[in-house]
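Open the model in your viewer and keep the selection tool ready.

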Amino acid sequence: SVCEILKVQRAKAVEILFRREEKIQKHFLNIEENQAVCCPNQEHAAWFWLPPTVVDKPPKTGHNVRYKGITVAKSPGDVRRENYGKKIRRHFSKIGFAYLAGSIVIYAVQFLASMVGKKFVPGVMADANGSFIVLMLTMYGISMPFMGWLVSRIPAQKIEERKMTAGQWIIAFLMCYGLMYAGNLIGTALTFGIGMVKGTGVDNPLVSTVMQLNPRVTFIIAVLIAPTAEELLFRKLLTERIVKYGELAAVLASGLFFGLFHGNLNQFSYAFLLGLFLGFIYVKTGKLRYTIGLHMAINFIGSSLGTWMLRVTGYMDTMETLTEFLNTKNLAVLADLGNGIVGMFIFGSYASLILMMAGAGLILTWLNRKKFVCCAPEEKVASLGKKKAAVMIGNPGILLYGAFWIGIMIWQLLQ
């Protein structure tokens with residue numbers, strides 16, 4: 001009674017026969033090299049390669065795990081997949097810890113800068129422009145370079161470079177703006193609903209901050225510095241360390257990390273969609289200048305141009321005057337309202353143009369939806385099956401990074 005070892009790889013409709021108590025029992029079809037099964041109560045154990053569907057899930061602790069009277073052991077393929085899964089989990093955890101450490105440093109350095117500034121240059125910190133410049137310079141000049149250095153120490157895979165035509169870039173800009181606009185509406189609706197529930201409004205820190213700043217300060221920081229630094233950190237450094245595990249994983253990480261980094265629900269909604277789109281552009285082109293240009297254009301329209309139009313047209317003052325008239329019914333107020341009619345018309349024309357751009361972008365996104373195809377990951381990653389997401393997300397680094405920024409967002413909503 002010598003055990004005959006059969007090793008059948010990916011055969012179809014193969015029937016394995018076991019002899020037990022002089023009866024022939026039929027077992028298991030569609031043999032594949034995935035699981036190993038040992039026939040019990042035999043003097044010599046016979047091992048066969050069986051598909052993963054034979055058991056509910058792969059055993060967690062080596063051999064001698066029983067399932068329906070059969071002793072199941074991990075095949076060499078299972079062991080290799082588990083080891084590779086652990087390697088991926090460690091890699092993603094390192095990425096999460098790097099971004100988490102950088103995020104903590106951002107808050108720590110800004111807090112120290114604020115304390116030092118209030119003590120030694122209180123006049124600068126009392127001014128909206130002065131305090132904003134100090135905080136942004138510490139973030140983009142100290143904290144984010146430190147975060148980038150941490151991330152750069154993690155192994156990466158360079159993305160193949162491809163060109164975009166001018167026409168493709170313009171279409172990408174419209175699509176990008178449409179997604180950003182839709183995300184902004186979603187964020188506004190969510191925060192409005194939360195404000196209704198808690199009884200007080202939810203402040204949008206971006207709007208309240210930008211309206212107080214000098215337009216030149218806004219342009220230099222929001223249009224030139226921020227897009228360059230953020231694209232380097234959340235597109236190049238991040239996606240190049242994930243793309244070997246699949247373009248889809250890199251794009252999703254780009255959107256999620258970038259959205260969470262903004263620290264409030266208003267901005268998360270559109271930053272997440274913007275990060276997804278820019279991440280897709282980068283993994284398909286490998287050229288940072290395309291995404292930096294798109295990011296700069298979006299920030300220019302949303303911050304510099306938008307606030308400049310509000311100031312020049314006197315839109316906010318006119319709306320306050322109109323509200324006062326509706327509340328008081330004082331006809332004398334209409335004189336001031338008449339002076340702002342031209343400004344209202346100009347701003348209305350600008351707003352109409354913005355809506356048309358956003359609408360065109362969303363239509364283009366829908367028409368081109370089938371082109372948003374991410375290349376499949378390498379075979380070793382694909383072999384993990386449904387475990388890919390659990391391995392990439394279910395690790396300490398990624399979970400703690402997400403928990404940190406979600407906590408910041410919840411705290412901001414409760415203010």
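Select Glu 240 and Tyr 282. Their side chains are joined by a polar contact of 2.7 Å. A polar contact is a pair of N or O atoms within 3.5 Å; within protein, one must be able to donate a hydrogen and the other to accept it, and residues adjacent in sequence count only if both atoms are side-chain atoms. Glu 240 sits in the loop between helix 6 and helix 7 (247–261). Glu 240 counts as buried because its relative accessibility is 8%. Buried means under 20% relative accessible area, exposed over 50%, partly exposed in between (1.4 Å probe, protein chains only).

A note on the model: it is predicted, so local features need pLDDT of at least 70 and side-chain atom pairs pLDDT 80 or more, while totals for chains, interfaces and linings use all residues. Residues are numbered from 1 along each chain as its sequence is written, and side-chain values use heavy atoms, without hydrogens and water.

Next, select helix 15, residues 396–413. Helices (H or I, at least four residues) are DSSP runs, numbered from the N terminus. Helix 15 has 18 residues and reaches 25 Å from first C-alpha to last, close to the expected 26 Å. That expected span is 1.5 Å times one less than the number of residues. Now colour its buried residues, among them Tyr 401, Trp 405 and Met 409.

Last, select Phe 300 in helix 9 (residues 288–313). Phe 300 counts as partly exposed because its relative accessibility is 33%.

Definitions and conventions
Helices (H or I, at least four residues) and strands (E, at least two) are DSSP runs, numbered from the N terminus.
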